[in-house]
Amino acid sequence: MTLLVLSALWVIAATIVAFLPMRSQYAPGIVLLFAAPVLIFFIGRELGWLAAGLALFAFLSMFRNPLRYFWKRARGERPEVPK
C-alpha cells in the first residue's frame, strides 16, 4: 500500500510542478524525472510488469518534452530551451 501512496504523491507533485512557470519547473522537474525510474522499478517488482508498463507509459507521456530535449543533447544537437 505504501508504494501506491508514493506513486500517488509523485503524480500530485508532477501535476503541481506543471502549473509552475517554466523557469520554476526545472529543479523540481529534474528531481521527479530521476525519481520516476526508481518508482517504476519498485512498481514492477511488487505489482508486475503490466503495472510497470502502464507507469512507464504515463511517465513518458508526462515528461515527453524534457526526455526529447535530453535525447537531442545526447545525440549532439543543440535544442532550444523555452523561455
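Isoleucine 12 lies in helix α1. Helices here are DSSP runs of H or I with at least four residues, strands are runs of E with at least two, and both are numbered from the N terminus. Isoleucine 12 also belongs to a nonpolar surface patch of about 460 Å², made with Val5, Leu6, Leu9 and Ile16. This is a predicted model: local features need pLDDT of at least 70, side-chain atom pairs count only at pLDDT 80 or more, and totals for chains, interfaces and linings use all residues. Residues are numbered from 1 along each chain as its sequence is written, and side-chain values use heavy atoms, with hydrogens and water left out.

**Overall build**
- The protein has four helices and zero strands.
- Along the sequence, the pattern reads α-α-α-α.
- The C-alpha trace spans about 40 × 30 × 15 Å along its principal axes.
- Of the 83 residues in the protein, 19% are buried. Buried means under 20% relative accessible area, exposed means over 50%, and partly exposed lies in between (1.4 Å probe, protein chains only).

**The surface patch**
- A patch takes residues with over 30% relative accessible area and no salt bridge; nonpolar side chains (Val, Leu, Ile, Met, Phe, Trp, Tyr) are joined within 5 Å, like charges within 9 Å.
- Accessible areas come from the Shrake-Rupley method with a 1.4 Å probe, and for residues only the protein chains shown count as cover.

**The largest pocket**
- The largest pocket has a volume of about 730 Å³.
- Of the 24 residues that line the largest pocket, Met22, Gln25, Tyr26, Asn65 and Pro66 are the closest to its centre.
- Helices α1 (2-19), α2 (22-47), α3 (49-62) and α4 (64-74) each give two or more residues to this lining.
- The largest share, seven residues, comes from α4.
- The lining of the largest pocket divides into 15 nonpolar, five polar and four charged residues. Ala, Val, Leu, Ile, Met, Phe, Trp, Tyr, Cys and Pro count as nonpolar, Asp, Glu, Lys and Arg as charged, and the others, Gly among them, as polar.
- A pocket is an open set of points on a 1 Å grid over the protein atoms alone, where a 1.4 Å probe fits, with protein on both sides within 12 Å along at least five of seven lines; lining residues have an atom within 4 Å of a point.
- Grid points are joined across faces, edges and corners, and a volume is the space filled by probe spheres set on the points.

**The second largest pocket**
- The second largest pocket holds about 190 Å³ of space.
- Ser7, Trp10, Val11, Ile43 and Ala55 are the closest to its centre, out of 13 lining residues.
- Helices α1, α2 and α3 each give two or more residues to the lining of the second largest pocket.
- Helix α2 supplies the largest share, five residues.
- This lining has twelve nonpolar residues, one polar and no charged.

**The salt bridge**
- The structure holds one salt bridge, a side-chain nitrogen of Lys or Arg within 4 Å of a carboxyl oxygen of Asp or Glu.
- The side chains of glutamate 77 and arginine 75 form it (2.6 Å, N to O).
- Glutamate 77 is partly exposed, at 33% relative accessible area, whereas arginine 75 is exposed, at 51%.

- Serine 24 is in helix α2. Its relative accessibility is 36%, so serine 24 counts as partly exposed.
- The C-alpha atoms of serine 24 and leucine 47 are separated by 34 Å, 23 residues apart along the chain.
- Alanine 51 is in helix α3. Its relative accessibility is 25%, so alanine 51 counts as partly exposed.
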